[in-house]
Amino acid sequence: NGKLSVAQPGTLAVTKELQLPDGYNAADFANEEFDFTVTVPDAANSVLKAEVKNAAGEVVASSFDLAFDANGEARQSLKSGEMLYVYGIADGAAYKVSETQRAGFTQAEQAGLEGTVSAGETTEAKVVNAYAATGMLNGATALAGEKVLTGRSWLSGDEFAFKLVNANSAVAAPMPDDGVVIKKASQPEGTSDGTPASFNFGNITYTQPGIYVYEIHESATDS
């Protein structure tokens with residue numbers, strides 16, 4: 001009697017995780033999908049069994065066919081906390097995992113994105129993205145004001161200061177990027193009354209979610 005040895009295939013597991021800065025709710029990103037390309041040249045023009053599990057190990061996408069094209073590439077989307085398992089990969093087969101970049105997300109950690117699969121083992125690849133979206137308030141339109149004199153013309157010594165303040169002390173509101181929170185308004189001597197002296201504060205960049213409220217006060221002490 002002879003003995004027939006059959007090479008046992010291996011498994012590739014691709015994990016997706018997401019890091020959020022303080023102030024963001026993970027539930028708001030629960031349905032965000034990230035596109036991955038799994039390349040296994042030895043699997044070109046073939047179909048392998050795959051499934052997707054969540055962080056608790058529960059199957060969220062039961063066994064399905066993952067098709068590899070002529071270049072050995074297959075595509076699958078994953079949500080944060082999910083893992084793609086690709087079964088039946090030949091022993092010693094090379095693989096590469098890549099993620100399509102998305103605005104606002106940067107790769108904070110990656111591991112095992114390229115290598116070889118071993119028989120009877122699960123080879124792990126992992127991508128962790130950090131969310132770092134920003135927004136900007138246009139100071140020229142949203143933080144603008146004007147000073148108007150009535151009853152007399154402007155004098156050479158007329159100068160009026162205006163201060164930008166955080167109107168909600170419970171929240172630390174970002175201030176203009178240039179650091180300037182006091183602006184002064186003036187006009188040349190003899191400018192007729194009713195002529196506005198315009199001013200505005202600089203742009204404000206936001207990196208944290210929140211409701212920010214500002215007020216512009218005329219400041220006699222800074223004039």
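Is F105 buried or exposed? In this predicted model, F105 has a relative accessibility of 11%, and because the cut-off for buried is under 20%, F105 counts as buried.

F105 also has an aromatic partner. The ring centres of F34 and F105 lie 5.1 Å apart with their planes at 85°, and since edge-to-face applies to angles over 60 degrees, the pair is edge-to-face. F34 belongs to strand β2 (residues 33–39) and F105 to strand β8 (residues 105–111), so this pair ties together parts that are 71 residues apart in sequence. Like F105, which is buried, F34 counts as buried, here at 1% relative accessibility. The two rings are members of one aromatic cluster formed by Y24, F29, F34, F105 and Y131. For the model, the count of aromatic pairs comes to eleven.

A second case involves Y85: the charged end of K53 sits over the Y85 ring, at 4.8 Å from its centre.

Strands β2 and β7 run antiparallel and are joined by four bridges; among the paired residues, F36 has E99 of β7 as its bridge partner. Strand β7 (residues 94–99) is in turn joined to strand β9 (residues 114–116) by three bridges, again in an antiparallel arrangement. Here A94 is paired with T116 of β9. The two faces of β7 can be told apart: Y95, V97 and E99 make up the covered face, while A94, K96 and S98 make up the uncovered one.

What surrounds I89, beyond its neighbours within four places in sequence? I89 is found in strand β6 (residues 83–89), and with a relative accessible area of 2% the residue is buried. Leaving those sequence neighbours aside, I89 is in contact with P9, G10, L12, V40, L48 and V117. One of these contacts, L12, is 77 residues away from I89 along the chain, yet the C-alpha atoms of I89 and L12 are separated by 7.6 Å.

Key
Residues are numbered from 1 along each chain as its sequence is written. This is a predicted model: local features need pLDDT of at least 70, side-chain atom pairs count only at pLDDT 80 or more; totals for chains, interfaces and linings use all residues. Side-chain values use heavy atoms; hydrogens and water are left out. Buried means under 20% relative accessible area, exposed over 50%, partly exposed in between (1.4 Å probe, protein chains only). Contact means heavy atoms within 4.5 Å. Rings of Phe, Tyr and Trp (its six-membered ring) pair if their centres lie within 6.5 Å; planes under 30 degrees apart count as stacked, over 60 as edge-to-face and the rest as tilted. A charge sits over a ring if NZ of Lys or CZ of Arg is within 6 Å of the ring centre and within 35 degrees of the ring normal. Two strands pair if DSSP finds at least two bridges between them.
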